[in-house]
Amino acid sequence: MSPLLSIVLPVHGVEPFLPRCLDSLGMGAARAATDGPAPDPGAGAAAPEIGTEVEVIAVDDRSPDRCGAILDEYAARDPRLQVLHLAENQGLGGARTAGLAQARGRYVWFVDSDDWLPDGALAAVVAELRRERDSDRPVDVLLTDFTHVYPDGATEPNPWRHLLTGSPLAEGCTAREQPGLLQTVMAVWNKVFRREFLVDLDVSFGRGYYEDISVTYPAVVAARRLRYLDRPCYTYRRGRPGAITNTASPKHADAFAQYDAIFAFLDRRGIGTTGQDALRNLVFDRTVKQALTIYDTPGLVPTGLRGDFFHRIGRHFDRHRPSGYRYPAGLRGIQYRLVATGSRRTYGELRRTKRIPRSLRRRARAVAPTVRKGVRSGARSAAYNTLRRLPLDENLAVYAAYWHRGYACNPAAIYEKARELAPQVRGVWVVETRAQAAGLPAGVPYVVVNTPAYLRAMATAKYFVNNVNFPHTMAKRPGTVHVQTQHGTPLKSMGMDLRRYPVAADGMDFDRLREAVDRWDFLVSPNPHTSDHFSRAFPGRYELLETGYPRNDRLAEATAAGVAAVRRCLGLAEGQRVVLYAPTHREGQGGYVPLLDVGELAERLGPGYTLLVRTHYFHTGGAGEPAAGAGAARIVDVSAHPAVEELCLAADALVTDYSSLMFDYAVLDRPMVVFAPDWAEYCRVRGVYFDLLATPPGAVATETSEVADALLAGDPQPGARAAFRERFCPWDDGRAAERVVRRIFPVTVPAEGSPAHSKARDTAWSGGQQAALASGG
């Protein structure tokens with residue numbers, strides 16, 4: 001009788017790992033003592049016997065070590081293990097093909113011989129296949145959950161699990177019905193195939209690296225029924241020496257042959273060949289993203305071959321771009337356009353700086369020529385390196401905020417306090433363009449990115465203050481002081497914690513992040529909660545400044561007169577009840593996608609209200625101003641307003657979802673409504689540090705009508721807000737900026753209340769000092 005499951009095991013150069021793998025497949029159940037190597041540390045108990053329902057076909061791919069002998073020793077004790085010794089090395093693809101030809105099972109599972117199955121996994125998979133065997137519509141591909149394990153023993157759960165659980169895959173569906181499946185790992189080892197279905201696809205494993213995707217993509221796309229087993233049934237080793245993801249080799253270019261095979265299959269099946277097809281678009285987008293990941297990962301593509309590899313991505317783009325394909329939103333879309341136009345130098349600069357100018361986003365279709373005109377990176381680099389030989393300017397501080405967008409946030413508050421307390425330190429702001437410089441407060445010195453004045457300031461300044469990272473191309477000189485202020489209390493996962501959330505990370509370079517953190521001398525924390533999580537999310541040797549956020553001093557010291565002045569500047573009529581709606585950014589949705597029906601909310605609130613709408617700073621297009629009836633609240637798009645603190649001061653209440661603005665607004669002790677219609681999904685995609693809905697700062701709503709009801713009720717939950725403020729605002733006393741400045745700079749003004757304080761304050765920041773850098777370079 002034919003077995004239910006055939007496990008195909010390609011084997012080459014994995015002697016230290018092979019016994020553990022074989023034991024986990026049940027092949028060690030009858031094993032006697034052997035002179036061969038012992039399983040590697042941590043090996044679990046052998047899997048329970050499955051009888052004749054499972055066969056293992058191990059393919060010795062001319063392994064240079066004792067793997068062949070180990071396989072023969074196991075096979076001598078267990079007739080379910082069949083060993084094929086190949087005369088010539090075929091690589092993973094060839095070995096799998098040879099094993100598949102010998103398989104007799106109804107289903108086939110391709111297991112890598114340096115990995116293993118956890119206890120009970122094989123029995124669980126066999127139980128599922130028994131049920132499928134008797135089904136009227138047996139599954140074509142059964143996907144299993146898995147765990148990553150690293151050389152130091154650390155483990156990581158399946159980072160794509162949130163795309164699979166709670167979906168139609170639990171009972172069975174097609175890829176069209178669950179397209180998120182194509183965003184998950186497309187390796188062969190966590191997929192069990194119905195053998196007849198796989199053979200009938202007429203596809204084959206490729207030669208060289210990435211050999212399995214020429215099988216997995218066609219199988220997933222063509223399957224009439226896919227299922228997901230929500231149980232970790234596979235343990236995958238990551239980062240071991242010799243793995244292709246750790247190896248520099250020209251063979252990484254083998255991926256392009258596999259992509260050609262995938263699209264040849266789609267063409268044969270007529271998938272997306274007659275017009276726009278969402279499934280073909282997804283496959284194409286994923287192949288481009290993978291190719292760029294290979295190119296971007298340090299140490300994979302050899303230096304001398306990187307130019308050719310990049311241009312091969314561009315040729316792949318031209319050859320296989322589907323009809324009607326639309327570029328992704330944001331940074332990835334711009335990167336794709338640069339690939340399509342062969343703009344390798346511009347792509348590299350964009351990747352290093354992580355900066356997307358507003359003008360570039362608005363004119364995304366013209367991005368490649370627009371960026372290329374400004375690229376003279378070689379000359380800039382040479383000039384910068386020359387300027388770095390100059391002595392440090394002990395009294396120069398460089399400030400920036402939000403990727404050089406202007407004067408804002410914690411750096412602005414620190415700058416203002418430093419002018420008062422350390423007037424001998426000249427501050428200069430970095431802006432992206434001269435047009436942005438026009439929006440700076442009068443008299444604030446500035447330099448424009450990539451001008452000679454900018455390069456000189458970056459090369460010689462003693463102090464650097466930013467709420468994001470300065471460009472990686474600007475090195476940290478010995479003796480300089482870098483102050484990272486960040487720009488929000490973290491509800492969502494940040495920094496290194498995003499390794500578990502690949503959709504949210506969206507290709508984040510964690511090695512580059514570590515390098516950036518290594519440059520920090522100080523990291524500003526707004527509250528104890530943030531201190532706890534920043535220390536883990538951004539591990540480094542910096543000093544944590546538990547001072548509160550300087551930008552919140554303005555909120556802590558707010559007066560009725562100050563609020564009235566802000567409201568007048570915003571054009572808000574007296575007597576109006578003002579509500580600020582500030583949603584956060586959601587990964588994977590591109591631009592501003594409102595879940596709250598702003599028009600309906602305006603209708604419900606009525607003419608006595610004004611509704612201010614501010615999109616996240618990632619969304620440069622703003623929210624627009626949807627029309628509302630005569631009896632509705634006025635709607636004002638304030639996305640472009642430079643100071644969010646002023647919007648907070650003007651607002652009588654805040655409506656947000658998961659924006660960190662709620663932690664700042666809590667300083668004002670005013671009503672808040674949390675609009676959380678997709679909390680569970682947000683937690684799965686982004687990850688959170690605490691359950692906001694269990695301890696909210698006010699009412700919680702999932703429908704627009706509930707938001708309106710909470711606002712019209714006035715102040716329904718002051719107790720919740722008080723508890724929230726106690727937890728997240730203990731340091732907001734109006735003196736955070738002073739605490740930061742006194743720790744960082746050589747302060748010349750005595751502390752407030754001392755005899756010398758008044759006289760020193762009167763002489764601070766002379767007109768000559770203020771004008772020293774006002775030319776802006």
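Student: How many helices and strands does the protein have?
Tutor: Let's start with the overall picture of this predicted model. The protein has 777 residues, and 56% of them are buried. As for secondary structure, the count is 31 helices and 21 strands.

Student: What share of the contacts between residues at least 6 apart in sequence join residues at least 24 apart?
Tutor: Good one to ask of a chain of 777 residues. Taking the contacts between residues at least 6 apart, the share that joins residues at least 24 apart is 74%.

Student: Is Glu-132 buried or exposed, and which residue does the side chain of Glu-132 meet in a salt bridge?
Tutor: Glu-132 has 4% relative accessibility, and the cut-off for buried is under 20%, so Glu-132 is buried. At 2.7 Å from N to O, the salt bridge of Glu-132 is with Arg-227.

Student: Which residues join Glu-132 and Arg-227 in one network of salt bridges?
Tutor: The structure holds 34 salt bridges, and some of them share partners. Besides Glu-132 and Arg-227, the network contains Glu-128, Arg-131 and Arg-225.

Student: How far apart in sequence are the parts that Arg-194 and Asp-140 tie together?
Tutor: These two form a salt bridge, with the closest N and O atoms 2.8 Å apart. Arg-194 lies in strand E7 (residues 191-194) and Asp-140 in the loop between H4 and E5, so the parts tied together are 54 residues apart.

Student: In the pair of Arg-280 and Asp-267, which residue counts as partly exposed?
Tutor: The two side chains meet in a salt bridge at 2.8 Å, N to O. Arg-280 is at 8% relative accessibility and so counts as buried. The other residue is at 41%, so the partly exposed one is Asp-267.

Student: Where is His-148, and what is the relative accessible area of His-148?
Tutor: His-148 belongs to strand E5 (residues 141-149). Not counting residues up to four places away in sequence, His-148 touches several residues, including Trp-160, Tyr-236 and Arg-238. His-148 is buried, and the relative accessible area is 4%.

Student: Which residues gather with Glu-706 in a patch of negative charge?
Tutor: Glu-706 is in helix H27 (residues 704-712). At 33% relative accessibility, Glu-706 counts as partly exposed. The patch lies on the surface, and with Glu-706 it holds Asp-597, Glu-600 and Glu-703.

Definitions and conventions. Residues are numbered from 1 along each chain as its sequence is written. This is a predicted model: local features need pLDDT of at least 70, side-chain atom pairs count only at pLDDT 80 or more; totals for chains, interfaces and linings use all residues. Side-chain values use heavy atoms; hydrogens and water are left out. Patches are made of residues with over 30% relative accessible area and no salt bridge: like charges are joined within 9 Å, nonpolar side chains (Val, Leu, Ile, Met, Phe, Trp, Tyr) within 5 Å. Accessible areas come from the Shrake-Rupley method with a 1.4 Å probe; for residues, only the protein chains shown count as cover. A salt bridge is a side-chain nitrogen of Lys or Arg within 4 Å of a carboxyl oxygen of Asp or Glu. Lys and Arg count as positive and Asp and Glu as negative; His and the chain ends are not counted. The place of a charge is taken as NZ of Lys, CZ of Arg, CG of Asp or CD of Glu. Helices (H or I, at least four residues) and strands (E, at least two) are DSSP runs, numbered from the N terminus. Buried means under 20% relative accessible area, exposed over 50%, partly exposed in between (1.4 Å probe, protein chains only). Contact means heavy atoms within 4.5 Å.
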